[in-house]
Amino acid sequence: MNGIDIEALSDLGTVYNSLVHYFSSGLFLLLLLWLLINAFITGGLFNSLKSNEERFSAGEFFKASSRNFLPFLGITVIMSTILILLALILVVLPFRGIVSPENPNESVPWLIMYISVLFYILISQIFVLVADYSRAWQVKNEKSACFRAIGFGFSRAFRRFLSSFPMMLIIWLIQTLFVLLVLKVIGRWKPVTGIGIVGLFLLSQFLFYMRLLLKVWRYGSVTSLKELNDPSPVPETIVTI
């Protein structure tokens, strides 16, 4: 054809497929890294939040992280898979229906989309609560029992639903407002000097630790509810006369 190289156009398809494969592989590696780090860190955090831990110990933290790594990884993978499937069903599928050209009335589909997102947020917090109860149960047991921990998480989450679920919604709302605040502050920050760049770095570190503090707050709240409803048995003391 005049001025059009068909071979060059066919090479573009090959380059596109290579880029998609490259970015998908990178996202998969990031997701895998996040799963491993999250399972390791949360194992130590939940152990440090137990009522019988009088003070924080770095050695005990990493020891508990290693001991709870496999069951926590299993809990994280299972719950993350459930949340992804829920997102596909409750968010992605309605969105594909909205953008379809077969919908002449756009207001009703978008209303359905908003309701679907709200419903997903409510349902997802139940599974997050189940995951946290499962982790709180696992740190109290020496043996690795991922599925038993998840079973306890489901039973405890629904048995104490009226006290646990509102707490999770409040914590989620505060965390969401914090994320929006972070995006607004960083979005308006335009460092043009060395001091501005250093300030942005310090601000990002501060926001990271605040995000971690909010997550620890959630873990501690669930652990406290679990121990309040399932207190550890007090050992009997033998009195000799």
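## Aromatic pairs

Across the whole structure, a search turns up 7 aromatic pairs. Here, rings of Phe, Tyr and Trp (its six-membered ring) pair if their centres lie within 6.5 Å, with planes under 30 degrees apart called stacked, over 60 edge-to-face and the rest tilted. F61 and F62 make an edge-to-face pair, because their ring centres are 5.3 Å apart and their planes stand at 90 degrees. F61 is buried, with a relative accessible area of 10%, whereas F62 is partly exposed at 46%. For these words, buried means under 20% relative accessible area, exposed over 50%, and partly exposed in between (1.4 Å probe, protein chains only). Ring pairs also bring F40 into a cluster with F61 and F62.

F161 and F165 give us a stacked pair, since their ring centres are 4.8 Å apart and their planes are at 10 degrees. Both residues sit in helix α6, 4 residues apart, which is about one turn of the helix. Helices (H or I, at least four residues) and strands (E, at least two) are DSSP runs, numbered from the N terminus. F161 is partly exposed, with a relative accessible area of 28%, while F165 is buried at 11%.

## About the model

What you see is a predicted model, in which local features need pLDDT of at least 70 and side-chain atom pairs count only at pLDDT 80 or more, while totals for chains, interfaces and linings use all residues. Residues are numbered from 1 along each chain as its sequence is written, and side-chain values use heavy atoms, leaving out hydrogens and water.

## The nonpolar cores

In soluble globular proteins, nonpolar side chains tend to be buried together. A nonpolar core is a set of buried Ala, Val, Leu, Ile, Met, Phe, Trp, Tyr and Cys residues joined through side-chain atoms within 4.5 Å. The largest such core here has 25 residues, and I75 and M79 touch the most other members. Two or more residues come from each of α3 (69-98), α4 (107-138), α5 (146-159), α6 (161-188) and α7 (194-229). Helix α4 gives the largest share, 8 residues.

Beyond its neighbours within four places in sequence, I75 is in contact (heavy atoms within 4.5 Å) with A131, S134, R135, C146, A149 and I150. There is also a second, separate core of 10 residues, including A39, F46, F72 and L73.

## R135 and T76

R135 has its place in helix α4, and T76 is found in helix α3. Their side chains meet in a polar contact at 3.4 Å. A polar contact is a pair of N or O atoms within 3.5 Å; within protein, one must be able to donate a hydrogen and the other to accept it, and residues adjacent in sequence count only if both atoms are side-chain atoms.

Are these two residues buried or exposed? R135 is buried, with a relative accessible area of 6%, and T76 is buried too, at 2%. Leaving aside neighbours within four places in sequence, R135 is in contact with N38, T42, F46, F72, I75, T76, R218 and Y219. With that same exclusion, the contacts of T76 are W34, L35, N38 and R135.

## L129 in helix α4

L129 also lies in helix α4 and is buried, with a relative accessible area of 1%. Not counting residues up to four places away in sequence, L129 touches A157, S164, F165, M168 and V222. L129 and R218 are 89 residues apart in sequence, and their C-alpha atoms are 9.4 Å apart in space.
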